[in-house]
Amino acid sequence: MFNMMPVKPHHKLEAWKVAMALVRTVYEATGGFPREETYGLAIQLRRAAVSIPSNVAEGAGRDGHREFLRFLSIARGSLSELETQLLIAADLGYLPAEHASFALLERVSKLITGLRRKLALQR
C-alpha cells in the first residue's frame with residue numbers, strides 16, 4: 001500500500017515548471033515551420049508538448065501516489081513522442097539539431113524519472 005504523504009501542488013513541482021518551459025519553446029519553434037506543416041508536424045509537436053505538464057498536473061491532483069505514478073508514466077510516453085517528432089523536425093531542417101527544446105526535453109525526462117523514483121520509494 002502506498003503511503004499517502006501529500007504531493008506538492010503541481011505548479012510547485014520542478015518537473016511541471018520545466019515542462020511548461022518546454023511547451024513555450026516548442027510553440028515558439030513551430031511558429032516558424034513552413035505553412036504546410038501548420039496542421040501536420042507542428043500541431044503534433046504542440047499536442048505532445050502540452051500533454052507533458054498536463055499529465056504531471058493531473059497526476060498530482062489525483063488521490064494517491066499510484067495514480068500519480070500512472071500519469072507520470074503517460075507524461076514519459078508523451079516525452080518519447082515529442083522527442084521523436086523533434087528529431088523528425090530536425091531531420092527535415094525545420095529545427096537545428098542543437099535546438100533548446102532538446103535540452104529541456106532531457107531535463108524534464110530526468111525530473112520526471114526522479115519524481116517517479118521518489119514516489120515509488122514512499123510505498
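Helices (H or I, at least four residues) and strands (E, at least two) are taken here as DSSP runs, numbered from the N terminus, and by this assignment Thr30 lies in helix H1. The structure is a predicted model, in which local features need a pLDDT of at least 70 and side-chain atom pairs count only at pLDDT 80 or more, whereas totals for chains, interfaces and linings use all residues. Residues are numbered from 1 along each chain as its sequence is written, and side-chain values use heavy atoms, with hydrogens and water left out.

In terms of pLDDT, the predictor's confidence in each residue on a scale from 0 to 100, the chain averages 92, and 93% of the residues score at least 70. Over residues 1-5 the pLDDT is below 50, although this stretch has 14 contacts in the model beyond near neighbours in sequence, a contact being defined by heavy atoms within 4.5 Å.

Thr30 is buried because its relative accessible area is 6%, and, when residues up to four places away in sequence are not counted, Thr30 touches Ala42, Leu45 and Arg46.

A nonpolar core is understood as a set of buried Ala, Val, Leu, Ile, Met, Phe, Trp, Tyr and Cys residues joined through side-chain atoms within 4.5 Å. The largest such core holds 37 residues, of which Leu22, Leu45, Ile52, Leu82, Val108 and Ile112 touch the most other members. H1, H2, H3 and H4 each supply at least two residues of this core. With residues up to four places away in sequence again not counted, Leu22 touches Ile52, Leu79, Leu82, Ser101, Leu104, Leu105 and Val108.

For salt bridges, the criterion is a side-chain nitrogen of Lys or Arg within 4 Å of a carboxyl oxygen of Asp or Glu, and by this rule the count comes to four. One of them joins the side chains of Arg107 and Glu14, with an N to O distance of 3.0 Å. Arg107 lies in helix H4 and Glu14 in helix H1, so this pair ties together parts that are 93 residues apart in sequence. Both partners count as partly exposed, Arg107 at 43% relative accessibility and Glu14 at 37%.

Arg62 takes part in salt bridges with Glu58, where the closest N and O atoms are 2.5 Å apart, and with Glu67, where the corresponding separation is 3.4 Å. Through these shared partners, Glu58, Arg62 and Glu67 are joined into one network. The relative accessibility is 35% for Glu58, 34% for Arg62 and 26% for Glu67, so that Glu58, Arg62 and Glu67 count as partly exposed.

Methods. Buried means under 20% relative accessible area, exposed over 50%, partly exposed in between (1.4 Å probe, protein chains only).
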